[in-house]
Amino acid sequence: MDIKRVAIDAVNETIVMTVVHMDYKGQVAKRINEKMPLAQVKGFRKGQVPKDLVEKQYGKSVKQEEVKKVVDLALERYIQSERLNLLGTPLPKVNEDFNWDAEELTFEYEIGLVPNFEIDLEAKNNIVKYIVTADDKLIDGQVERIQKQFGKAIPQDKVEADSDLTGTFSNEEKGINNTTTISVSTFNKKAGDKFIGKKVGDVVTVSTKGLFEDDHQLMDYLKVSHDDVHGLDIEVNFTISAINGAELAELNQELFDKLFGEGKVASLEDLKSKIKEDAEAQFAQQADQKLLLDVQDFLIENTKFDLPAEFLKKWLQTVGEKKLSAEEAEVEYARSEKGLRFQLIEGKAMAQSNIQINFEDLKTFTSKAIKQQMAQFGQTNPTDEEVQGIVARVLSNQEEVKRLSEQVVAEKLLELFKEKANPTTKEVTYEEFIAASYGE
């Protein structure tokens, strides 16, 4: 068998395979011999059919099957031996006039190659690493929410400016149907005023545009996706099912112990300090995620390389349970191109910086995540035995291993980017961070 590669450009090639009779005749003969005892042809007893008739009846299909096996195996070994770094899998070129009786059978496969490129992690950039602080407004608001949450609900006959409402947001066209509890003060003033004086069973229609101070609250109260909240301008109905005022809980030791454990918080100042600490730890995670996304966008924008786009669009039509049309593949490629580009950049960054993920990294990361999760449920001092038992169960699930491995990679890359990209540090409030993150 003769195999060669024909370059089309830097990321597209064709593999040409020429198969001759010697490559498959032995296996075809073996298959024909296996069929002879079972062959049935009118006029002959089973097992007594002459070989030439068996070959006439089965020869073509057997030949095609055996040639395919030979070609598939040879193609796989060739890709391995040539160490080809492929995107997608080889696509056979269709030849409507293929002649199976020819002395030499030629098969062609299109392949898409991973592009060769370099990345500059230290390139000049305008990336900002945000240090997000919890200001007095945020902390005081959280204190009030705690007092409401642990206070006494007082049923009201009609809505007042400080009422808490339980009800359902709905919009049939957008598939919105979410029951929630919300304070009147959470709405903008125009929308909030619509509720004043309303009673249980009343339906209030409001516009989503500017409904809240932060549009991202639409995700919490209406359960719409992040992609939908930006610029969402529809009308939704809110059907009131309960109206309550609140007798605020007293800020005393009993409440502090209930919230944080016995003796850990002893005063309003301690409470505010704890709220600030917890909030800023959460904000730091969000800021790291933004930094990672900003570096990704920068690298994608500034690392230039070609992809075998047309090949990948054709390949997308062949994979998956549901075959895609050319138009659907075009849409899917456009949707996934950015992710593919960063996947290649990510791999290059790891290779250039010799970043590797081992099982110990995975165990350490998983242990940390489990301890954080247990702490959220009040288990602040689990034993090593308890934690490692959970780690073992989690890492026995291959899907979890894959998911956690991706998070470990992201964590290692984040540290690499912080070091190499040298972002500018800027201290902001959470409101300023949201504005910087989403342009709002």
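Which residue with a positive phi follows α2? Arg83 does, with phi near 55°.

## The model

This is a predicted model: local features need pLDDT of at least 70, side-chain atom pairs count only at pLDDT 80 or more, and totals for chains, interfaces and linings use all residues. Residues are numbered from 1 along each chain as its sequence is written, and side-chain values use heavy atoms, with hydrogens and water left out.

## A kinked helix

Helix α2 covers residues 51-81. Helices (H or I, at least four residues) and strands (E, at least two) are DSSP runs, numbered from the N terminus. α2 has 31 residues, yet its end C-alpha atoms are only 40 Å apart. A straight helix would reach 45 Å at 1.5 Å a residue; this expected span is 1.5 Å times one less than the number of residues. α2 has a kink of about 60°, centred on Tyr58. The bend at a residue is the angle between axes fitted to the seven residues ending there and the seven starting there.

Several α2 residues are buried, including Val54, Gly59, Val62 and Leu75. Buried means under 20% relative accessible area (1.4 Å probe, protein chains only). The buried residues of α2 pack against β1 (2-9), β2 (12-20), α1 (25-35), β3 (86-92) and β4 (104-113). Contact means heavy atoms within 4.5 Å.

## The sheet

β1, β2, β4 and β3, in that order, form an open sheet of 4 strands with antiparallel pairing. Two strands pair if DSSP finds at least two bridges between them. The edge strands, β1 and β3, each pair on one side only. On average, neighbouring strands of this sheet are turned by 20° against each other, direction ignored. β2 and β4 pair in the antiparallel sense over 9 bridges. Asn12 stands opposite Gly112 in β4.

α9 lies across β2, β3 and β4 and runs at about 65° to β3. Axes are lines fitted to C-alpha atoms, for helices over the stretch in contact, and angles run from 0 to 180 degrees between N-to-C directions.

## Nonpolar cores

A nonpolar core is a set of buried Ala, Val, Leu, Ile, Met, Phe, Trp, Tyr and Cys residues joined through side-chain atoms within 4.5 Å. The largest has 31 residues, and Leu299 and Phe417 are among those that touch the most other members. β3, α8 (268-302), α9 (309-316), α10 (326-352) and α13 (398-420) each supply at least two residues of this core. α10 gives the largest share, 8 residues. Apart from this core lies another, of 24 residues, among them Phe195 and Phe238.

Technical notes: Buried means under 20% relative accessible area, exposed over 50%, partly exposed in between (1.4 Å probe, protein chains only).
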